[in-house]
Amino acid sequence: MPETTQFTGMGNESSGTASLKSNSVISNRYKIHSIIGSGGMGTVYLARDLNFTDVKRLVAVKEMQASTKDAAMRGSMIKNFRREANLLAQLNHSAIPRIFDIFEINDRAYLVMEYINGTDLEQLMQKTKELPIDKVLEWAIDLCDVLDYLHNQKPDPIIFRDMKPSNVMIDSLGKVRLIDFGIARTFVSHVKGTMIGTEGYSAPEQYKGDANPQSDIYSLGATLHHVLTRKDPRLEAPFTFHERPITNSNANVSDDFAKVVEKALQSNQSDRYATCAEMKLDLERVRLSLSGMVVAVPRPGAPAGAPSPTGQAGAAPASPTSFFDSEATGTIQPKWAFKTEDEIRSSAAASKDLAFVGSYDTNLWAIKQETGELAWKFPTRGGIASSPAIDDQSRTVVFGSEDFNLYAVDQRTGRNSWTFQTKGRIRSTPRIAHNVAFVGSDDFKVYAVNMSNGRQMWAYDMGAPVRTRPFVTNELIIAGCEAGDVVGITLSGARKWSYRTRKAVLASPYVDEEGNCYIGSTDGYMYALDVNNGFNSWRFRTNGAIYSSPVENRGLLYFGSTDSNLYCVNAENGREKWKFNAEKPIIGSPLIHKGEIFFGGTDQNLYCLDAENGRERWRFFTGGPITSAPVVAGNLLLIGSMDHVLYALPLVS
Amino acid sequence: MNWFRKLLQPTKSQSAQEKISAPSTADEPEATVAELKSESPALKVTEPAAESSAPLNGTHAQKSEPESGKDLSEVVADLDNLITEPEPEDGLEATSPQETVVLRMELDEEPQPPTHATAPLPSTGDLMISVVDGATRPLPQDAILEFSPLTHTAFGQATDVGRMRTNNQDSAFSFFASGRSVDDIPDFGLFIVADGMGGHQDGEKASAITTRTVASQVLNTMYLPMISRQNKNNDVPIAESLANATQKANIEIMSHVPEGGTTLSSVVIIGDRAYIAHVGDSRIYMFHHGILEKLTRDHSLVQRLIELDQITIEEAADHPQKNVLYRALGQNDVVEVDTLTRRLPPGAMLLLCSDGLWNQVSDSAISDVISHVHSPQEACQKLVAMANAAGGIDNVTVILLQIPG
């Protein structure tokens, strides 16, 4: 690999000392016209070649000045320069400017080369808002071609080392030309003081002093990424291109094109293209597909076929076994499906062997987990939109109804243990803790009801209907209301703190082990509050209302929004980790189970995603929008849908 | 479980009269810390005499001279003397154990004689006040017995020019307020370390502007509204306020010291929670159960290379570009700020430091010092001495907070 002296850049960096005046003639041949660029080691002039008397032949004259006064050093620099110039003179590629002449005058070295009338990509980006994708693709292919040509030089490959937008010229014919073979670009060491700024386009291994053909591939990827996204890598953290997906900032770029660039930008060399020729081949495929000559690649995650809800009310046929039928249709078959007489708006709950679900048909249904058969049903006088809560101590299931009552019913028999009447419809799901049921009502109150006898212990007036499920810690009850307030209530029913969001709070609060209290509001924000005092540490904005109650797991917070996204947010700082678009608003709350996240959408699907990265594992189509949360019962996943049916899906391990 | 049953009984003063309302918080008081001093007689502001020449918005004090004449052992001996010297400062003794505000600020100064910022320990008689009836934070009966005698966060702060540089470009700021009343205002603290960079005096100016701007912003938008009880429903989350204050400091640097830049590691303490804002390669660590955990992420090239498994931590220490940052204040019009919030468990310590410490003193040595030294101030002095003993090639700044445990 030849070591070469640095040629002057065309950039507008610090100016060298130009020795030539306009209209002066150098080497009896080149009449200086103007300065077209200057850099650390010299100046580039535009000049006319006087040997061509009849035509106006323009050339670029690079003037290089040795930066040292030491004669020996200067001699060696000149020697290096000559060696390089000879090497470059042998290159013959349409994208590499031709070398015409070299000479030295007064300890300055001159390189006469083809003048390229054009604009470099950096300037082009400043002048335009967006470049045509097919043009960029064309340039990318040509750049692969010229880099491949350099890398295949014998005996040693030539590494360009400094691929970046300002070194790529687009000439008057719209063709790419590589300029500035700044090969010996070593990084200046600043041991003495901290400095700011990075190279932006260089591959990680170049910072170890290792430059190879794949480093050029990385830098080409970085250059294309900058051109396509218009996000300058010099202003971003180094090696973070993958955090700025190309298709996010530029919808015109096809997935295939983006994938090629992203492969070139892999941190590990072995994950990149092995050669520029390989990368060029892939880019040519993208070009073919753009011109419609290649069929589109099949996309993963195609909507699953709809299984017909087979369950009948009270008598659901249990299919013996059914597992993820991924080979054939990509659908999952429910173990059983139980049809109620109206919409299921709330989540199910499970005891050891029964599943409980309230329906808008006014009944609470108890279903045998094993067979999907009816165990019993408990009728109320209003629709049930409140999810049941299981209390193992009293062996009751507790739920509210729109008939204003909170019911405690024996899990085995369905016999009523006690009834507690409020003055409004109950749509809040009760929370049982400390042998007390905490529940909100449309009569504005949060009630504490003694589980032993169904008597009221206290009521706290929230000033607006309470439809959220209270969260209970060792010290506080947290509840949200329709006015947008969230209140921390002491166990004795007094206010400790309150926090006001801008619109109704309909999603239930969640408190994690760090004492972060998460509140979703229909104002679109997810708030993180200190559970001790209500101080707001961060908020995260979605583009819709939040009805979906958050859950936290391993420092990550998951929730849906009516902007159709399921969000995964870092709990420490409220930064988005990933989001998944379900295409229709998400009202239901997610469930986390063994590294997977389950949630239902109003698009009628139940989704299963990888909790780490948000990639879809499977989806299950129900016959109606889903507004509730899935629940795990043994090896079953229970989900109710507005199609009246409670589905029990086998959990695939 | 008797306490529990009792707590579940309704209290008389609740529900209807406790209307949930959002008092207007749009107008933030223009009060400064100076006003705070005069208007809040209950709070005593103590500024150590030696530092009173550096008011919040004043110019920084004269530059320090390198200690060229002394050899290393003398320096260390001097520091040891400082550590063991009896407390010479006035003012602190007058501070009441019930209401304590300690304000210290150091900008480009010689290491100050230690002013033990440790809040005085209250007598045991005070302890019971914290647990009364259901009106305050209810604690189980046995928790009363576990109540620790150290009820206030204690902190120390030390900075030094080092043994190679001629000026100290680091700036530090410490503020901690703790009160006890029925108002139940949580403890509040603000701690900042900024490491300036740039030629001439640009670096020291940039870090000074930063600490001063962030301090006045945070105190004005967070602390003053809190003690005047105006932030019940503060619109701006704490992480955003802190990021905004950092952004403001960034703009101040851009306009006043265009050639300068600085790192910034800051932490706001409210109650038992730490809110951190961070840019650059100064660091904040949490020390708990013998483990030193780095909470911040260096915005440096080598850190990125480590994260990508391109180089090892050992290689990073010798890397020619180990001082290259990709993010700092004073670099662009908009600075991206890392924020995070963490609960501070009882007995935990928070350490803020410039790279002058972590480049010179190993994590295990740092852990060793802070787990064995008696006071945070003593630990800070010792850590600075150790950085100097290891060569002192850079300015070094250390702040250590000790959470009661």
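**Reading the labels in this predicted model**

Visitor: Why does A:Thr468 count as buried?

Guide: Its relative accessibility is 0%. Residues are numbered from 1 along each chain as its sequence is written, chains are lettered from A and ligands numbered from 1 in the order in which they are written, and side-chain values use heavy atoms, leaving out hydrogens and water.

Visitor: Where is A:Thr468 found, and what does it touch?

Guide: It is found in the loop between β23 (456-461) and β24 (471-472) of chain A; strands are DSSP runs of E with at least two residues, helices are runs of H or I with at least four, and both are numbered from the N terminus. Leaving out residues up to four places away in sequence, A:Thr468 touches, among others, A:Ser428, A:Thr429, A:Val505 and A:Pro509, where contact means heavy atoms within 4.5 Å.

Visitor: Which side chain does B:Ser265 join through a polar contact?

Guide: That of B:His278, at 2.9 Å. B:Ser265 lies in strand β7 (residues 264-270) of chain B and, at 0% relative accessibility, counts as buried too. Its contacts beyond four places in sequence include B:Phe191, B:Val193 and B:Leu352.

Visitor: How do you know that β12 and β15 of chain A stand at the edges of their sheet?

Guide: The open sheet has 4 antiparallel strands in the order β12-β13-β14-β15. β12 (349-350) and β15 (374-379) each have a single partner strand, so one side of each is left without a neighbour in the sheet. Strands pair if DSSP finds at least two bridges between them, and β12(A) and β13(A) have 2, so they qualify. In that pair, A:Ala350 stands opposite A:Ala355.

Visitor: Which residues touch the most other members of the largest nonpolar core?

Guide: A:Leu178, A:Phe257, A:Met279 and A:Leu283, in a core of 70 residues. Helix α3 (residues 133-151) of chain A gives the most to it, with 11 residues. A second, separate core of 32 residues includes B:Phe175 and B:Leu329.

Visitor: What makes α5(B) largely enclosed by the rest of the structure?

Guide: 20 of its 26 residues are buried, so the description holds. Helix α5 (residues 202-227) reaches 36 Å from its first C-alpha to its last, close to the expected 38 Å, which is 1.5 Å times one less than its number of residues.

Visitor: Where does α5(B) bend?

Guide: At B:Leu219, by about 40 degrees; the bend is the angle between axes fitted to the seven residues ending there and the seven starting there. Just after the helix, B:Arg229 takes a positive phi of about 55 degrees.

Key:
Predicted model: local features only at pLDDT ≥ 70, side-chain atom pairs only at ≥ 80, totals over all residues. Core = buried A, V, L, I, M, F, W, Y, C linked by side-chain atoms within 4.5 Å. Buried < 20%, exposed > 50% of the residue type's maximum accessible area, 1.4 Å probe, protein only. Polar contact = N/O pair within 3.5 Å; in protein donor to acceptor, adjacent residues only side chain to side chain.
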